[in-house]
Amino acid sequence: MTRFDDARHDDVLIAMLIDGVPPGHEVARWLRTEAGRRRLAGYRRALGGLSRLYGDVRPRPILYWCSLPSPIGRVLVAASDAGLVRVGFRRSEASFVAELRRTLDAEPVRSPARTAEIVQQLRAYFAGERLAFDLKIDFRQVSPFLRRVLSAAASVPPGQVVSYGEIARRIGQPRGSRAVGQALGRNPMPIILPCHRVIAAGGKIGGYSGGLRMKRALLKIEGARLAG
Amino acid sequence: MHGSPTSSRELAERHRHEILRYLLRLLGDAEEAQDACQQTFLHAHRAFGRLRAGSNVRAWLFRIATNAARSMARGRARRSGRMVEVELDGLPGRCPPSLEDREQLRAVARAVEALPSRQRAALMLRQFEGFGYREIASCLGGNEAAARANVYQALKKLRAVLLEDSA
């Protein structure tokens with residue numbers, strides 16, 4: 001059989017490979033011959049090459065985000081299907097969305113519907129109607145150490161404060177207060193995971209990634225009293 | 001998210017990523033694809049009000065994107081008057097490391113670049129966007145049979161460039 005003849009079943013082979021149409025008896029028989037096998041392998045390689053060159057990149061997970069006004073300025077939130085992943089403030093929507101794309105390799109989609117519960121609880125918080133949050137948190141992109149630190153901070157009730165050293169003690173690393181302070185500075189979900197309730201020794205305010213005025217404002221909302 | 005988008009903004013947020021990838025497949029160049037993507041949604045925004053309820057929004061959007069890519073490619077041909085060399089690493093898929101593989105893939109990429117724009121678009125829509133031939137026809141014009149012929153022709157050309165190595 002010549003090369004030229006090999007082409008006569010091409011349409012059937014392509015229909016089989018990309019349209020899922022099974023070949024008839026004649027072609028099925030031909031596919032068991034050397035020529036048939038080679039022809040089919042050629043199409044498979046072409047499709048394989050196409051897929052590797054132009055096929056799907058790893059699909060990026062969708063994150064739903066939204067912004068809301070608050071007494072401390074615009075607050076931005078982002079959530080996956082598994083729960084909250086980011087809270088931002090004192091920044092533009094564009095930079096918040098760009099960071100979701102860059103650091104979480106996600107596809108951000110503005111969705112007030114998917115973030116409704118988070119937004120509603122934050123509104124109630126800023127209105128002084130609720131102090132504790134009851135939300136699902138997606139910790140998958142958070143390192144184990146930071147997660148332990150944030151969980152310990154989250155166990156501090158609203159209206160109270162503890163020291164960095166106390167958090168270090170609670171996570172079983174009594175000499176790790178500096179590491180705790182640094183980790184809290186990387187809190188991806190401030191306000192809701194209350195790193196602002198962790199302060200320096202002796203009742204001093206300590207630091208805050210959002211600025212000390214912000215930290216004081218949040219503690220004031222919660223009715224916490226600071227020394228000095 | 002389900003149901004029809006209620007605004008062109010929602011439309012853009014829902015489909016931007018897949019349209020961008022489609023344009024990368026059509027143009028093979030990230031920057032051009034970005035530009036074409038912007039034009040696509042600008043056009044979609046202007047035409048959104050005229051979109052009939054119940055129409056296939058996704059196919060409509062892909063048609064706009066296909067046209068944006070075509071005019072982008074025409075502009076490129078006018079400017080350079082020659083074919084741009086394929087940059088394997090700039091394509092949306094991931095390339096394996098082996099050298100022979102790269103040679104084979106380069107041959108496929110060149111063949112894809114040489115395809116008439118209609119065949120290339122038809123092939124990508126069928127293979128990666130899950131479009132049926134009727135939807136492809138509604139994106140590219142013509143009927144279902146022509147859409148199928150475009151896909152089949154394209155694939156035959158890709159197989160042919162690999163023939164030398166396989167014999």
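1. Which strands and helix of chain A do the buried residues of H6(A) pack against? In this predicted model, they pack against strand S1 (62–68), S2, strand S3 (83–89) and helix H10 (212–222) of chain A. Helix H6 itself covers residues 116–126. Its buried residues are A:Ile118, A:Val119, A:Gln121, A:Leu122, A:Ala124, A:Tyr125 and A:Phe126. An α-helix has 3.6 residues a turn, so residues three or four places apart point the same way. Just after H6(A) comes A:Gly128, with a positive phi of about 75°.

2. Chain A as a whole. Chain A contains 10 helices and six strands. It has 228 residues, of which 47% count as buried. Among the contacts in chain A with a separation of 6 or more, 56% are between residues 24 or more positions apart. The chain exposes about 11,700 Å², and carbon and sulfur atoms supply 52% of that area.

3. Strand S2 and A:Ser80. Strand S2 of chain A, residues 75–80, includes A:Ser80. This serine has a relative accessible area of 12%, so it falls under the 20% cut-off and is buried. Its side chain reaches the backbone nitrogen of A:Ala82 at 3.0 Å. Not counting residues up to four places away in sequence, A:Ser80 touches A:Ile62, A:Leu63, A:Val85, A:Asp138 and A:Arg140.

4. Helices H7 and H9 of chain A. How are two packed helices described? The angle between their axes and the distance between the axes are used. Helix H7 (residues 144–154) and helix H9 (residues 177–184) of chain A pack at an angle of about 90°, with their axes 10 Å apart. H7(A) and H9(A) are therefore roughly perpendicular to each other. On the H7(A) side, the contact is made by A:Phe145, A:Leu146, A:Val149, A:Leu150 and A:Ala153. On the H9(A) side, A:Ala179, A:Val180, A:Ala183 and A:Leu184 take part.

5. A helix pair between chains. H4(A) packs against helix H5 (residues 117–128) of chain B at an angle of about 90°, with the axes 12 Å apart. That angle makes H4(A) roughly perpendicular to H5(B). H4(A) contributes A:Leu47, A:Leu50, A:Ser51 and A:Tyr54 to the contact. From H5(B) come B:Arg120, B:Leu123, B:Met124, B:Gln127 and B:Phe128.

6. Leaving aside neighbours within four places in sequence, A:Leu31 is in contact with A:Leu13, A:Met16, A:Pro23, A:Gly36, A:Arg37 and A:Leu40. One of these contacts, A:Leu13, is 18 residues from A:Leu31 in sequence and 9.3 Å from A:Leu31 in space, C-alpha to C-alpha.

7. Cysteines. How many disulfides does the structure hold? Over all chains, the number is zero. A disulfide is a covalent bond between the sulfur atoms of two cysteines. In chain A, A:Cys66 is buried, with a relative accessible area of 9%. A:Cys195 also counts as buried, at 5% relative accessibility.

Terms used
Residues numbered from 1 in each chain as written. Chains lettered and ligands numbered in written order. Predicted model: local features only at pLDDT ≥ 70, side-chain atom pairs only at ≥ 80, totals over all residues. Heavy atoms only, no water. Disulfide = S-S within 2.5 Å. Buried < 20%, exposed > 50% of the residue type's maximum accessible area, 1.4 Å probe, protein only. Helix = DSSP H or I, 4+ residues; strand = E, 2+ residues; numbered from the N terminus. Polar contact = N/O pair within 3.5 Å; in protein donor to acceptor, adjacent residues only side chain to side chain. Contact = heavy atoms within 4.5 Å. Areas by Shrake-Rupley, 256 points an atom, 1.4 Å probe, with all protein chains shown as cover. Axes fitted to C-alpha atoms, helices over the stretch in contact; angles between N-to-C directions. Parallel < 35°, antiparallel > 145°, perpendicular 65-115°, else oblique.
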